[in-house]
Amino acid sequence: MEALERVFGERIGSIISESTGKIRSINQKYATPTIKLSGGAKFALLLLRFYLIFLVVLLVYKFWTVIHGGA
Amino acid sequence: MDLFSKIYFNYSKIVKTIKIYLLLAGPGLIVMIADNDAGGITTYAATGAKFGYSLIWFLILLGPVAYFVQEMTVRLGAVTKHGHAEAIFSAFGSFWGWFSLLDLTVVNWLTMVTEFIGMTAALSIFGIPPVVTVAIVVLVMLGIVLSGRYWTWEKITMAFCLVNLIYIPAAILVHPSIPDILRNGIVPNFPGGFNGELFFLLMANIGTTIAPWMIFFQQSAVVDKNMKEKDIPWGKFDTVVGAFFTVLVAVFIIIVTGTLLYGMNIDSAAQAAQVMMGTHPWVGTLIAIGLFDAGFLGAICIALTNSWAFGEVFGWAHSLNYKVREAFWFYIFYFLGLITAGGVVLIPGAPLVLITLFVQVIAVTLLPAALVFLIILLNNEEIMGKYKNTRFDNIANITIVVCIIVVSSLYGISTLFPNLFG
């Protein structure tokens, strides 16, 4: 808190520390999912993770080709 | 009962039903008509210009698709009294919650930029400088929400929805051939065979039909309107009416551009309006007004979606029924979203084309997740009780969701790699 205030100034430092505190409390509040997931739902979420990883890889590849003058 | 008594009885029953509907109408109608935003209008204009009336049948099919997805948000919102962002955090934990919230913020902000691009381009046709457009639009949008009543906001926004119907007189003015529309547009066909260009436009049309913000918006609006479980049938009806109008508007845009610009490559609705101004000034004017209205509706709904989502998760007061001093962060978020998105359009040399393309790609990262969460939540008996998905709902919704995920992914990928599908 004091370190943040030293770097960003008193007002901005307190806003940042309040925000991080809020985010921490949200993470605590929603730490565990409240619904009981069926096998199908768990499988769908697993597929979703793979799908998102695939998209991230594609985006990184596109970014890499653009940086290196490709398509 | 004599004849007159019967007529009067039926008349008062109909009037009463309409009054109840007008009271409960809103979220479904607004979300569906705002779905025809600046990007949507551009897609329909390009589709009509490229393929004439040939793809009208495809747009008609997209109406039920939009309805089935959005109808789920009505039930979820009315039963849980939570917006979609809060529902994801609560049901699936903070990892999926933050992923959805942050992705929503990025994709919504980029979409808002495209709405401002549409609005400034539309009013530029009438000689209004972009800076004036952005300033006035932001002030008007701020004024609309500051009434401190959800009801007022909703009814003003519904008036803007009516302006979206401007494409109907525009289509009448171009004197289209009805037999041609019926012959070429209603029977399913793929003009010129199923090639890469056609496939891209089909994907674009599906991409504009269901956007991530729509799911979050309608659920939050249902909660803010304080709709109860008993109101679900009316909410569904409202969504049907909205789906009907969104398809109607799309079809009439295709009729306009399919009649006047057939065979042309159109990059934006503003370009279409500009071209028409030379030959059919009235039609060009109506198209430009419609484009402005579409961008306006899109921007106001998307900005609110962000404010609602953050308010739900951060626990801020997040209702249009609150005054500014009661829901300070809700309104600040709304205002900042609008002013920054509008500001980007005014930066000389800003990569607006890149932003427009990027929206499609980022939306693809959020849409499948939002849809999967929706299906899982709607199947949870503990949450939904008797309002959970039936077997028929699941067959229809899972089929639609899988198709949307596949097609929107291909659309996003083809935006990244334009030569992929020839």
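1. Two residues are said to be in contact if their C-beta atoms, placed from the backbone, lie within 7 Å. The model is predicted, so that local features need pLDDT of at least 70 and side-chain atom pairs count only at pLDDT 80 or more, while totals for chains, interfaces and linings use all residues. Residues are numbered from 1 along each chain as its sequence is written, and chains are lettered from A in the order in which they are written.

2. In chain B, B:Thr157, B:Phe160, B:Cys161 and B:Val163 of helix α8 meet B:Asp293, B:Phe296, B:Leu297 and B:Ile300 of α15, helices being DSSP runs (H or I, at least four residues) numbered from the N terminus. The residues of this contact divide into six nonpolar, one polar and one charged, where Ala, Val, Leu, Ile, Met, Phe, Trp, Tyr, Cys and Pro count as nonpolar, Asp, Glu, Lys and Arg as charged, and the others, Gly among them, as polar.

3. The axes of α8(B), residues 150–163, and α15(B) come within 9 Å and cross at roughly 150°, the axes being lines fitted to C-alpha atoms over the stretch in contact, with angles from 0 to 180 degrees between N-to-C directions. That makes α8(B) roughly antiparallel to α15(B), a term used for angles over 145 degrees.

4. Turning to the two chains, the contact takes 21 residues from chain B and 18 residues from chain A. On the side of chain B that touches chain A, α17(B) gives the most, with six residues, and by class this side has 14 nonpolar, six polar and one charged residues.

Key. Helix = DSSP H or I, 4+ residues; strand = E, 2+ residues; numbered from the N terminus. Parallel < 35°, antiparallel > 145°, perpendicular 65-115°, else oblique.
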